Amino acid sequence: MSDNRQQLAGELQRHGISRRTFLKFCTSMASVMALPPAAAAEMAEKLVKIKRQSVIWLSFQECTGCTESITRADKPSLESLIFDFVSLDYHHTLQAASGDAAELAREQAMHDNAGKYILVVDGSIPVKDGGIYSTIAGMTNLDMLEQVAKDAAAIVAIGSCAAFGGLPKASPNPTGAVAVSDIIHDKPIINIPGCPPIPVVMTGVLAHVLTFGIPELDDMGRPKAFYGDTIHDRCYRRPFYDRGEFAKSFDDDGARKGWCLYEIGCKGPTTHNACATIKWNNGTSFPIQSGHGCLGCSEPDFWDAGGFYKAISTGIGNPGQWATGALAAGVAAGLASAYLNKSTKSKAEKNHQEVTIEDMGGKHE
Amino acid sequence: MSTSFEQGINTLKEVIDAPIASYFSSCTNCGLCARACIFYTETENPKYTPIRRVEPMRRIWEQEFTLVGKAKKALGLSKEVTEQDLKDCVELAFESCTTCGRCSMVCPVGNDIIYMIRRMREGLTSAGLAPKSLQEAAVRTLEKGSVMGFPMKTLEAMVKAAEKETGIDINIDKPDVDYLLLLSSAEVMQFNEIIASLAQIFKEAGVSWTFSSIAHEAGNPGMHMGASDIEAQMINRIVQAAEELNIKNVISPECGHAYMAIRWEGPNVIGRPYPFKVYHIIEVLDQLREQGRLKTSGSELDRITFHDPCQAARRGGVNQPQRNLLNMVSSNFIEMKDSQACNWCCGGGGGMNTIEKAEPLMQKVFNRKRNQIEELDVTTVVTMCATCRNTLEEGIENNNMNVEVLGLTELVANHLLKEKK
Amino acid sequence: MNEIELLNWARGPGLAYATIIMVFGLTLRVFEILSLGRAEELAEVRGTGVSDGWKMILKRSLPEPRHWKLITASYIFHVGLLVVIFFFIPHTQLFRDVFGIFWSGWPNYVIDFFTVLSIAAMMYTLVSRFVDPTRRILSKMSDYFAWVVTFLPLVTGYMAFHRLGIDYTTMLAVHILSVELLMISLPVSKLTHAITFTMARYYTGSTNGRRGIQS
């Protein structure tokens, strides 16, 4: 224990991180996660004390955008330091080892830390045709996930692909891509969707897992601290929406005045994420602020949710075409029905018996 | 016998057409039609809601002519119309409805409810359920040529009396004249002074006209019953008379339903257009007025009002001629509230006045007309329908009102300016 | 199925099914009506009746002052419903997407006003069906069904816009699904009148026109 503490404190010093700066990091982590102020100190204490947690990071059908996002920094950032609190035993992009050595490291870590390691997944898992569409070291993603998940303490699904299937799952989903939660049902799974997720959201969640355990999750397994509100709920352009002031195109007067982007396809109202509050690139901006509607990238199936530049109130697909087809079918069925009606009527006319005066008790003329 | 329950159902299938299908498709059961119906407003009994009167027809439409209805029937959600359903409908379609058509004026989706009731009656009659009194009237009309059973001889006697009174020759069966005049039974029985009145008016106007011995009345119980077959027989007699005498204009009497039968339903039930034109007597008088051939003198100073007969005015389209004539002979003509197309029915038309069972109800619903008349404080109510006139007179008597009822032709005749020769 | 999948289903396959059933059903209904035919008018007419038929379609939409107490609520909710359906900005986006024609929506506070008004008016019509003896005796299950499926989109739409009750995504999905229920109900319920009233009015108006009578 004390060795570890020494080591971590040493690491921090080596990076020129003062205790004060470290505390500041913890405070900001706690604050983005809406934890009580006292939690910052507690987090700092716990982070320094923890045994380096073994983390296995599996990358499946992905683009490395999530890794790019978490490591993104012009200078060594505090966020990247999160890796200093963990023992990242396997990560394609970041590990030095390759080939058998790499796989051996993974197996070793699984063995040494059975039941205790954290599994981080980015990318979706193809399951069609036995999962052959993505393999690592001759092993399908599916097999590897099942194997590694078996003894994991918890799973963190990073990015929309791991969390919901993401882009690979987009129609027609040729590889049969699914999310981690579609395969693993007996382990706690934290979903951190986004394409990619906001860096601080990833580090924040990891910090929380290391210190306080699994954070409070919503029904889709997302940490409520980051995904509790929609973009629209926290959007600075919201007042324009409420007043019904909308940009009609990207270069009109409304767009210049910074009006709401609903009509040109902003998916903010149905997108749960923290972009509008935490923003990107160290809090510089986020898509809506730069004049583009939210694509809804952190929501399931966002790629198949209709055009990016069409309002949420429009249909997905081509209603006009359906209607035309239905009209044609309606005409056909209508003609058949009309034929039936006509024959019913003409049958009744044929069966008509003249009402005569004799029916009234009179004599026929 | 050709009437039976099965025939009734068969007839209902026959008479349901596109308008009726659109009406049933559109009804939302809002109940506004009830508010337009005297049988509802004067009793507040919801069973008199007009659209409910055709419920058996609605079910037949739904089950026979819509996919949804066929499915509902197959699933047992919609029951077939039974004989009892039709029997229950008689009260609603015949005994508490004058087919006045006021309901058709207010329907938000534009349903012509009377169009449906007329056809509902058709089905009931085919089922042998037409009221006895109407059946008897139909027999009299076809056997004797008169709704009340007055043979031609009765009319001949009246013609003679009128000739004697006026000194004017009145033609019977004279070909090639301008007009063939038809009467109503009520006129023959109660208001026969009209013969002399018209003889004088036509003489002054220089109009040639005749009665026909094969068709002297226009009354058509076939229409009331909704028996198009019988209605057609009655119409055909008139057509035959006009064709044989080569007459180009036929005059419908002061009788609302006769006008509806001869003017509008006639060609449709016999299946061919007429070779002659049909006018309501009031239309003819107004034409003569317009041409300056009808001259009157003097003006009524008393407050008079006019009761628009439903079949002639609202349903038949004769709204302005009576007003032109009234203004010609009266300086104190007051419009009744809701006049013309939205006039309230007297409560006696549509065959109701022949149905003994309906008498108490008729008296009750007259309340509306009584209030309307009393509100105006008039001395005279003028109308142009013998049934309305009868109903008004009865109602006024029953309610001890001090109001006189007059036929418009008679009123005009009273003011006729006779040129001295 | 999570809420966004529900929303996507409602916007995608759900909307497709509803559109298909509605268009198919209404077309069938119109054919069923037209197939029954209308006898040629053999009496000498006073006019063709064609323009009177068209006029009647518009004329019966005007308020009938004689019965204002009975019709005002229905009037308000019909007008309100039309305003809300056709002039709420997100709805105009849907129509532009489907029909390719665009008209400007009305400000949200106007839509809000009409929504609340329509909801209140519809509640009144429901109460009146219970309280008014004529309406009570006339009303069948189908009338109440028609009321419910018309009422749901109004209420769910209002709740979604104001972020009331459940999560917005779910509420929006529920709102769209309720509209789809309404669409599916159109051809198989009393709601068919939304289309066939034009036919009913035309038939009556043109008959009246031929006879030269007021309508």
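**View 1. The start and course of helix 1 of chain C.** In this predicted model, a side-chain oxygen of Asn2(C) comes to within 3.2 Å of the backbone nitrogen of Ile4(C) at the start of helix 1 of chain C (helices are DSSP runs of H or I with at least four residues, numbered from the N terminus). Helix 1 of chain C covers residues 3-34 and has 32 residues. A kink of about 40° is centred on Gly14(C), the bend being the angle between axes fitted to the seven residues ending at a residue and the seven starting there.

**View 2. Domain 2 of chain B against domain 3 of chain B.** The domain assignment (automatic or from a database) places domain 2 of chain B at 133-290 and domain 3 at 304-414, and their C-alpha centres lie 22 Å apart. About 2200 Å² is buried between these two domains, with carbon and sulfur atoms giving 66%; buried area is the accessible area, for a 1.4 Å probe, that two parts lose on being put together, summed over both. On the domain 2 side, Phe191(B), Glu254(B) and Ile282(B) lose the most area to domain 3 of chain B, together 25% of what that side buries.

**View 3. The salt bridge between domains 2 and 3 of chain B.** The count between the two domains is one salt bridge (a side-chain nitrogen of Lys or Arg within 4 Å of a carboxyl oxygen of Asp or Glu). Glu193(B) forms a salt bridge with Arg389(B), where the closest N and O atoms are 3.6 Å apart.

**Notes.** Residues are numbered from 1 along each chain as its sequence is written, and chains are lettered from A in the order in which they are written. Local features need pLDDT of at least 70, side-chain atom pairs count only at pLDDT 80 or more, and totals for chains, interfaces and linings use all residues, while side-chain values use heavy atoms, leaving out hydrogens and water.

How values were computed:
Helices (H or I, at least four residues) and strands (E, at least two) are DSSP runs, numbered from the N terminus. The expected span of a helix is 1.5 Å times one less than its number of residues. A polar contact is a pair of N or O atoms within 3.5 Å; within protein, one must be able to donate a hydrogen and the other to accept it, and residues adjacent in sequence count only if both atoms are side-chain atoms.
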